Amino acid sequence: MEKEKLQWLFESMYRIRRFEETMLEQTFKGKSMGVTHSSDGQEAGPAGVCAHLTDKDWIGSTHRGHGHCIAKGLDTKKMMAEIFGKSTGQCKGKGGSMHIADFSKGMLGANAIVGASIPLAVGAALSSKYNGTENDSVGVAFFGDGATGQGVLHESMNLASIWKLPVIFVCENNHYAEATPVEYAVSIEDISDRAAAYSMPGVTADGMDVFDVYEVAGEAVNRARKGDGPTLIELKTFRYHGHFHADDPKKYRTPEEDEKWKDRDCLKIFEEKVIANNSMDLESIKKIKDLIDTEMIEAVEFAEKSPMPNIEELYSDVYVKYKD
Amino acid sequence: MTFDYSQTFRGSSGLPNTDNIPGSEMRYRDAFNLTLRQELDRDPSVFVMGEDIAGGAGRFEKDGEVSYEEKDGFKPLDAWGGPFAATKGLIQDFGTDRIKDTPISEAGVLGAAIGAALTGTRPVVDLMYFDFVTVAYDQLLSNAAKSRYMFGGQTKVPLTMFARSGAGTGHAAQHSESFYSMLVHIPGLKVVVPSDPLSVKGLLSASIRDDDPVFLVNDKKLINLNGFVPDQEVVFELGKGRYLKRGSDVTLIGMAYTSEICRKVAEKLEESGVSCEVVDMLSLSPLDEDIILESVSKTNKVVIVDEDTPMCSMASEISSIIADKGFDYLDAPIKKVNSPHTPVPYNRDLEFSFMPSEERVIKAVKEIVEY
């Protein structure tokens, strides 16, 4: 792997980790105006997938969407300001943590109805196919194991398959839908097996190992760009925190389970691998960490100092044009 | 000579003059089909999706012969031409990319259309029966209507949806809804209700060209209604009602097919010396409050005719606007003629008792005309 790509993967994962930790700290200080859903633990997924995408590719995301935003290149200052409800936020403080979007970066928006963004990514791929730009612009639908219980996933996978659309369905199986364990709610062991029902390839990858995710996603994105249609990827992963900031996962998980996953932390695996094969050194890793640690302090400062939206903003942006 | 359809709008004095205007009499359904064709010709980013909008998807035909494979001289099969033939002939002229038959997947298809609208195209989605909106309601409410607002105005959703509404054809409880208010209630969505061939032309063009999501409701009872349609382009301004008749004693307010009821009632009552003014809303969101108040300020009496069930209906909303902003104009109670608070029954006698009828409107007028 090229050095720049390697660094980018680490930067993205570390940036997501630090953003989530910082965002949670700020939430507990009362700086977030609502609920927040941390994705720490799951960083390898967004990083390994989005490493293959450009601003012309589109992603749909979920209520646990900060990682997808960061991996798609969104500005952490504007993201933090959005969570603080400030006018400088990515959506002018009108969307909040669960609705961060940046259309200039190919980010169709985090979506707080479970599964609801999946057909949007299919629609973005339909646009590409309609305009003959599949090679340039694919759609990626990120969703969790919880969304596999939603009917719209079935509809979306079927449509993508019959129309051979350039879509990658990425199921981040973090093993819990809110407080419901996956083995209770999902009828099969590997969610990727469901791909067979839509005659598309289905593959399960280690969602804690960014190199594994990177490889699997690369194949799927290439397939889509070549016009060979959709792929379902399942990433086995784990969220370190509860469903939302105030949810204590100890109420439904054992400490042993947490420890088992944390032993396989994506940053730890990455560092061990790159040091072992000499592709990065500790010094360059530390340099990246220091830069991002500073970036987080600056993001909080930016959000803190930014003004609240004007009350008139309540009424704007409902329509492009409603009444004269 | 060009046809000035704005003559019927608020502040105007009469009906549009169609003398010497190039055009023809045609059915509502033909006006719909022709307008869709015009819009597809006009803008290559417009495409249409829906279940059986052609029919026999993936197959081909030539002079009535069906083929499972593409053969010389064969064209894509157009077995149905869409529900009520709304899209007849389009697939053979515009091809399968622009006239896209879909599986029965309302939520997935509408969601995909929203995703397509967010990324630079202008989809038109046929949801077949109005009742089927509820299957896709989450996509409509949470994505189509909210994306612009919750993302801080950085995007737009230029999407048009249409479906067939209304009782009166024996389609029973799950294929006969008129729940306009379930859509009008949604901020971020526009809702229009044409009432004749001219207005379906003007409103469909306007909906497709609009940058916001618009739902156009086709009342089944209007589909074979005849009327004059000019050849020229007609693009109504969304959010304006029109007068179908001017009068002085009572205002009758209709929407979609109930406008046609109001027009007929006004004609009948004219003979018995009651002068009714007929306001056809055309658009329910935005709602033309000014035309309502303009008319009621003159007649001082009003009957609102709405096929939707009565609780939280358009008739309720219009009543509340008049009670709030036109209280001083009123010389009699506001009268609502709705369907009752029941599902739509199948039996024809029950079904015709369910819908607002000319008789029920006349009864309401008589209750207030001498008030």
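This is a predicted model: local features need pLDDT of at least 70, side-chain atom pairs count only at pLDDT 80 or more; totals for chains, interfaces and linings use all residues.
**Salt bridges and the A–B interface**

Glu39(B) and Arg42(B) are separated by about one helical turn, being 3 residues apart in helix α1 (residues 28-42) of chain B.

**Salt bridges and the A–B interface**

Glu39(B) and Arg42(B) are separated by about one helical turn, being 3 residues apart in helix α1 (residues 28-42) of chain B. Glu39(B) counts as buried at 1% relative accessibility, whereas Arg42(B), at 45%, counts as partly exposed.

Other salt bridges
- Over all chains, a search of the whole structure finds 46 salt bridges.
- Lys56(A) and Asp136(A) pair through their side chains at 3.3 Å, N to O, and because Lys56(A) lies in the loop between α2 (44-50) and β1 (58-60) and Asp136(A) in the loop between α5 and β2 (139-144) of chain A, the pair ties together parts that are 80 residues apart in sequence.
- Asp136(A) counts as partly exposed, with 36% relative accessibility.
- In chain B, the side chains of Glu307(B) and Lys221(B) form a salt bridge at 2.7 Å, N to O, which joins the loop between β16 (302-305) and α10 (314-325) to the loop between β10 (214-219) and β11 (226-230), parts that are 86 residues apart in sequence.
- A network of salt bridges links Lys92(A), Lys94(A), Glu313(A) and Asp317(A).

Interface of chain A and chain B
- Contact involves 42 residues of chain A and 48 residues of chain B, and the buried area is about 3500 Å², of which carbon and sulfur atoms give 62%.

Conventions:
Residues are numbered from 1 along each chain as its sequence is written. Chains are lettered from A and ligands numbered from 1 in the order in which they are written. Side-chain values use heavy atoms; hydrogens and water are left out. Contact means heavy atoms within 4.5 Å. Buried area is the accessible area (1.4 Å probe) that two parts lose on being put together, summed over both. A salt bridge is a side-chain nitrogen of Lys or Arg within 4 Å of a carboxyl oxygen of Asp or Glu. Helices (H or I, at least four residues) and strands (E, at least two) are DSSP runs, numbered from the N terminus. Buried means under 20% relative accessible area, exposed over 50%, partly exposed in between (1.4 Å probe, protein chains only).
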